[in-house]
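Good morning. Please have the sequence and the model open while I talk.

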Amino acid sequence: MKLLVLGGTRFLSREVATQAVALGWDVTCACRGRSGPVPEGAAHLAWDRAEPAPAALADGAWDAVVDVTRLPSQARSAVAALREAHWVFVSTVSVYADSSSPAMEPLLEPVTDDVDLAVDPEAYGGMKVACEQVVQAGAASCVVARPGLIVGPGDPTGRFAYWPQRLSRGGEVLAPGSPDDTVQVIDVRDLAAWLLVLAERRTTGVLDAVGTPMPLAEMLDGVAAGVAAGPPALTWVDTSFLEEQGVEPWAGEGSLPLWLPRPAYDGMLSHDPGPAIAAGLRLRPVADTADGCLDSPVVALTPEREAEVLAAWHER
Ligand SMILES: NC(=O)c1ccc[n+]([C@@H]2O[C@H](COP(=O)([O-])OP(=O)(O)OC[C@H]3O[C@@H](n4cnc5c(N)ncnc54)[C@H](OP(=O)(O)O)[C@@H]3O)[C@@H](O)[C@H]2O)c1
């Protein structure tokens, strides 16, 4: 297989390129090289996607292309240069207009102009809808994979890794909301392997790319088992109390990852992995994923802040 990865120097796209090299494929990563080196064994085709596509891109006779872009202009120029390849476009479950439902419709309105996500992060889902449409309209054949929360070794977002690292420390653990809240994650290694299956089989269509949905308590038990921590001593705290305390949901400094406001986000972490599994996705247990996250960066609640919130909860 002759594979072109648009990206290849960061988290998911790098894992895709790494695994493709390991399979013995002929792999080229087209990117600037600003996020890091391309994996050993892959070729680097220097391209800043703000610039016109280099001739080598169109001349490559690629069997498949994997693209992770968020910007419609980048999707347009790449599809124009690479119409004949089988496209594997990495989108997101954030394309859905109703996060309270796991249904695969309706979609957000497409945002066809590039938006700086640092200025307006809300444009992410709409731009991904526009990118999907560009690929679907322009490529000779394509599949759109819509991942949920991607986790695992090397995750630069510092979200999921909070839990393996927190549970491995032991002691009383602040847990958000209800133990029954449904959550799901997909390991970057499983997702990358599956994207290569989609490329090789020339699978077409649109598929959610998600892990097994499970109650948060079950996921945290799995995480604890993966880091050999024993059953966690969880104290479940109402989300309204967390909000009063200024604890943020989902991501970022001071946040508790895996917590999303309910029921507004009930659907976002409960999509159906069945169709993807039928199309070749293989999912590892969350314990395996947790074990690989002990060295990943964490951006979340600090231990000091967690202790303060727990103390305030007990004193209320
Ligand atoms: N993280 C999640 O939980 C999550 C959930 C759902 C969906 N997703 C999707 O999953 C994908 C993740 O992709 P990823 O981990 O590979 O990281 P990414 O940050 O989406 O992509 C980074 C890659 O794009 C390249 N790139 C960025 N700007 C470029 C430019 N102007 N010209 C050429 N190349 C450029 C980077 O290379 P250089 O900087 O080296 O040029 C790098 O290799 C994305 O599609 C994201 O929307 C993520």
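Let me start with the ligand. It is surrounded by 28 residues, and the closest are Thr9, Ser13, Ser35, Arg70 and Tyr124. A residue counts as near a molecule or strand if one of its heavy atoms lies within 4 Å of it.

Before going on, some notes on the source. This is a predicted model, in which local features need pLDDT of at least 70 and side-chain atom pairs count only at pLDDT 80 or more, while totals for chains, interfaces and linings use all residues. Residues are numbered from 1 along each chain as its sequence is written, and side-chain values use heavy atoms, with hydrogens and water left out.

The side chain of Ser13 has an N or O atom 2.6 Å from a ligand oxygen. For Ser35, the side-chain N or O atom is 2.5 Å from an oxygen atom of the ligand. With Ile150 it is a backbone N or O atom that lies 2.9 Å from a ligand oxygen.

Next, the cores. A nonpolar core is a set of buried Ala, Val, Leu, Ile, Met, Phe, Trp, Tyr and Cys residues joined through side-chain atoms within 4.5 Å. Buried means under 20% relative accessible area, exposed means over 50%, and partly exposed is in between, using a 1.4 Å probe and protein chains only. The largest nonpolar core here has 42 residues, and Phe160, Met219 and Leu256 have the most contacts inside it. Several helices and a strand supply at least two residues each, including α5 (162–169), β8 (172–176) and α7 (216–226). Helices (H or I, at least four residues) and strands (E, at least two) are DSSP runs, numbered from the N terminus. The most comes from α7, with 5 residues.

Now the salt bridges. A salt bridge is a side-chain nitrogen of Lys or Arg within 4 Å of a carboxyl oxygen of Asp or Glu. The whole structure has 8 of them. One joins Asp67 and Arg49, with the closest N and O atoms 2.8 Å apart. Asp67 is in strand β4 (residues 64–67), and Arg49 is 18 residues away, in the loop between β3 (43–46) and α2 (55–58). Asp67 is buried at 0% relative accessible area, and Arg49 is buried at 10%.

Arg146 and Glu132 form another, at 2.7 Å between the closest N and O atoms. Arg146 sits in strand β6 (residues 141–147) and Glu132 in helix α4 (residues 123–138), so the pair ties together parts that are 14 residues apart in sequence. Both residues, Arg146 and Glu132, are buried.

Arg262 and Asp266 also meet in a salt bridge, 3.3 Å from N to O. Arg262 is partly exposed at 25%, and Asp266 is partly exposed at 31%.

Last, Thr203. Thr203 is in the loop between α6 (188–201) and β11 (205–209). Is Thr203 buried or exposed? Thr203 is buried, at 17% relative accessible area.

Technical notes
A polar contact is a pair of N or O atoms within 3.5 Å; within protein, one must be able to donate a hydrogen and the other to accept it, and residues adjacent in sequence count only if both atoms are side-chain atoms.
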